[in-house]
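Biologist: Kindly present the model, and then let us discuss it in questions and answers.

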Amino acid sequence: MTGIFCIFMWYLLLILYMGQIKGVFGTYEPITYKTGCSLWGIFFIISGISIIRATWYPSQRQLTCAMLVNILCMILAIISMILTIVELSTFKSVSYRNYGQAKLGRQISRVLLSFYPLEVSMALTYSIFGCVGLCRKKEDARTADTEEVEDAF
């Protein structure tokens with residue numbers, strides 16, 4: 001859900017910044033817009049899909065895949081937080097025609113900044129549970145092997 005929300009916010013920013021008029025001071029193009037930080041929400045959608053697949057078809061491969069995608073999502077969310085903080089801490093003067101768009105874009109960045117810690121915490125939680133699931137799978141396999149050996153004697 002948060003990934004879909006981030007993609008919709010990126011689309012809103014795309015429409016917002018494409019409509020700027022070149023003025024005396026230029027247009028406002030923040031670093032998060034240039035790098036497409038909000039568009040990285042695709043990875044959160046992929047992470048959700050991999051978690052659902054690992055739940056429906058639990059295997060070591062599915063759990064490992066889900067855990068790796070969650071770790072990637074944590075890294076991307078932390079990078080997005082850093083870039084958004086850098087964007088919000090620096091503000092260059094823009095043309096009076098584009099000031100309203102720049103101000104609205106910065107407000108959207110503030111909203112997204114509140115979602116990035118949520119994404120990090122969700123990805124961390126699922127990674128921890130994925131790791132626990134992998135450990136249990138290995139312990140169950142060891143227990144089954146030990147029982148087979150004991151039954152053979």
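**Helices, burial and a nonpolar patch**

Modeller: Phenylalanine 5 has its place in helix H1 (residues 2-18); helices (H or I, at least four residues) and strands (E, at least two) are DSSP runs, numbered from the N terminus. This is a predicted model, in which local features need pLDDT of at least 70 and side-chain atom pairs count only at pLDDT 80 or more, while totals for chains, interfaces and linings use all residues. Residues are numbered from 1 along each chain as its sequence is written, and side-chain values use heavy atoms, with hydrogens and water left out.

Biologist: Is phenylalanine 5 buried, partly exposed or exposed?

Modeller: Buried means under 20% relative accessible area, exposed over 50%, and partly exposed in between (1.4 Å probe, protein chains only). Because its relative accessibility is 26%, phenylalanine 5 counts as partly exposed.

Biologist: How many helices does the protein have?

Modeller: Along the sequence, the pattern is α-α-α-α-α. The protein has zero strands, and its helices number five.

Biologist: Which residues of H3 are buried, and where do they lie on the helix?

Modeller: The buried residues of H3 are Gly41, Phe44, Ser47, Ser50, Ile51 and Ala54. Seen down the axis of H3, these buried residues fall within an arc of 165 degrees (the arc of the directions from the helix axis to the C-beta atoms), so they line one face of the helix.

Biologist: What separates the end C-alpha atoms of H3?

Modeller: The expected span of a helix is 1.5 Å times one less than its number of residues. For the 16 residues of H3 the span should therefore be 22 Å, and this agrees with the separation of the end C-alpha atoms, 23 Å.

Biologist: Which residues make the nonpolar surface patch, and which helix gives its largest share?

Modeller: Patches are made of residues with over 30% relative accessible area and no salt bridge; like charges are joined within 9 Å, and nonpolar side chains (Val, Leu, Ile, Met, Phe, Trp, Tyr) within 5 Å. A salt bridge is a side-chain nitrogen of Lys or Arg within 4 Å of a carboxyl oxygen of Asp or Glu, and accessible areas come from the Shrake-Rupley method with a 1.4 Å probe, only the protein chains shown counting as cover for residues. Leu39, Ile42, Phe43, Ile46 and Leu72 make this patch of about 370 Å². Its largest share, three residues, comes from helix H3 (residues 41-56).

Biologist: How far apart are the C-alpha atoms of phenylalanine 5 and leucine 39?

Modeller: Along the chain, phenylalanine 5 and leucine 39 are 34 residues apart. Their C-alpha atoms are separated by 9.9 Å.
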